[in-house]
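Please read them with the sequence and the structure open.

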Amino acid sequence: MQIWDQQYECMQREELEQLQLERLQATLNRAFKNVTCYRNKFTERGIVPEDIQSLEDLKKLPFTTKEDLRLNYPYGMFAVPLREVVRIHSSSGTTGKPTVVGYTKHDIKVWSNLVARFMTAAGVTHDDVVQIAFGYGLFTGAFGLHYGAEAIGASVIPMSAGNTEKQIMIMQDYKTTALVCTPSYAITIADRMEKMGIDPKSLSLKVGLFGAEPWSEAMRREIENRLFVSATDNYGLSEIIGPGVAGDCEYKCGMHISEDAFIAEIIDPETGEVLPPGSIGELVLTTLTKEAFPMIRYRTRDITSLDYAPCACGRTNVRMKKTMGRSDDMLIVKGVNVFPSQIEEILFAIEGCEPHYQIVLERHGAQDVLEVHIEVTENIFFDEMKKQKAFLEMVEKRIDSVLGVGATVKLVEPNSIPRHEGKAQRVIDNRKI
């Protein structure tokens, strides 16, 4: 078993917390001095960096939100002059202006190292050939994994997203051993290979590093069974660093957060109150090493929980569970909180359901209507009406039992739900509220 950075990944908790406090104080000073937004936020609360004398004091500090980033677009949150910024990335900006993030030369070096950690934990070594099927561009994912793999000494194929048949040809010809993409795109690749009559066992693939969207344990099993890889999860977000915040080890019992670089908290998304260890809530992250773009108590909107118990791999860093969804795109249906990943778990457990589905929300009068469109195997889709009805009723009953809210299930033909080369669009919310 390989560990990339033994000193920081296996540090004792007391020593780690002391390091976190020292780095936190340096970060607060830099942000207060150089970022007007933070100076104003601190002043409004009557706080100066020197007031933070322990990690417990962190909760005195205000949150940073995506709205703060939009209001300070493009460079208002930078803590260094633009001449020191060697890289600029941004998020997709689906709800307005994109959020712009910057990196100094040192930030890039740290980023590469953090990604190398989780790639090593997943089983990537300098002998691997890593095919990156994320889109290159302003999105942080491809570059983060690219530099992490190079830091390890692996061979990198910067394939970028799309062109699925060419992806498969490259895997065959170049002897790809590690695949980097979204989990939904991994399923798309498996589907296409099946259609092309290619046996995944004939490939050299051994590990998949999947991220950028929530996915269930059932989907992990589906990918592993169809591509014959060890499917590992990793977590990151542009505003914090990109990929490199956390990643699975070989035991896949939660993603280890690099705590020497980030402080993780779990809060109640409604009240903002910090919740005790083990609680499910919204993940809040504070950066400890970022020079160009420090983030203090950034609300990720991702729902998860933290596990501080020792891991069999020997790493002492806290583990975060797979994200269940987001607090801001969590679906509230008839007053019930619903996460797409819950529906995914149900569907993956039912024989005959294909790994492609879409959740459609409508409002009829004052009533929410939840529809789940699922692709099924041809023998079910073309089955006699009586058997099809029984299958539908079984799926609807299972969803109602798990979610506590009724859904209408519609069966759709194989390949009728759009395939995506990046993040899958799982939810269509047509409600006018």
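1. Asp-429 is partly exposed in this predicted model. The relative accessible area of Asp-429 is 38%, which falls between the 20% limit for buried and the 50% limit for exposed, and therefore the residue is put in the middle class. Asp-429 pairs with Arg-431 in a salt bridge whose closest N and O atoms are 2.9 Å apart. Arg-431, in contrast, counts as buried, at 12% relative accessibility.

2. Salt bridges number 31 in the structure. One of them joins Arg-13 to Glu-259, with 2.7 Å between the closest N and O atoms. This pair links distant parts of the chain: Arg-13 belongs to helix α2 (residues 13-34), while Glu-259 sits in the loop between β9 (255-257) and β10 (262-267), and 246 residues separate the two. Arg-13 is partly exposed, with a relative accessible area of 27%. Glu-259 is buried, at 3% relative accessibility.

3. A salt bridge also connects the side chains of Arg-226 and Asp-191, at 2.7 Å from N to O.

4. How is the chain divided? Domain 1 covers 1-324 and domain 2 covers 331-429. The C-alpha centres of the two domains are 30 Å apart. Contact between them involves 22 residues of domain 1 and 15 residues of domain 2.

5. Domain 1 and domain 2 bury about 1,500 Å² between them, and carbon and sulfur atoms give 55% of this area. On the domain 1 side, the residues that lose the most area to domain 2 are Ser-216, Met-219 and Met-324; together they make up 26% of what that side buries.

6. Which side chains form the salt bridge between Asp-191 and its partner at 4.0 Å, N to O? They are those of Asp-191 and Arg-419. Across the interface of domain 1 and domain 2, the rule finds 1 salt bridge. The distance for Asp-191 and Arg-419 is at the cut-off of 4 Å, and I would ask that the value be quoted whenever this pair is mentioned.

7. Polar contacts between domain 1 and domain 2 come to 5 residue pairs, with both residues at pLDDT 80 or more. Helices α8 (183-196) and α9 (217-227) are the elements that give two or more residues to the side of domain 1 that touches domain 2. That side consists of 9 nonpolar, 6 polar and 7 charged residues.

8. Gly-244 deserves a separate point. Strand β8 (residues 242-247) contains Gly-244, and the residue is buried, with a relative accessible area of 2%. Leaving aside residues up to four places away in sequence, Gly-244 touches Leu-114, Val-115, Phe-118, Tyr-235, Ser-258 and Phe-262. Asn-113 is 131 residues from Gly-244 in sequence, yet their C-alpha atoms are 8.4 Å apart in space.

Conventions:
Residues are numbered from 1 along each chain as its sequence is written. This is a predicted model: local features need pLDDT of at least 70, side-chain atom pairs count only at pLDDT 80 or more; totals for chains, interfaces and linings use all residues. Side-chain values use heavy atoms; hydrogens and water are left out. Domain bounds come from an automatic or database domain assignment. Contact means heavy atoms within 4.5 Å. Buried area is the accessible area (1.4 Å probe) that two parts lose on being put together, summed over both. A polar contact is a pair of N or O atoms within 3.5 Å; within protein, one must be able to donate a hydrogen and the other to accept it, and residues adjacent in sequence count only if both atoms are side-chain atoms. Helices (H or I, at least four residues) and strands (E, at least two) are DSSP runs, numbered from the N terminus. Ala, Val, Leu, Ile, Met, Phe, Trp, Tyr, Cys and Pro count as nonpolar, Asp, Glu, Lys and Arg as charged, and the others, Gly among them, as polar. Buried means under 20% relative accessible area, exposed over 50%, partly exposed in between (1.4 Å probe, protein chains only).
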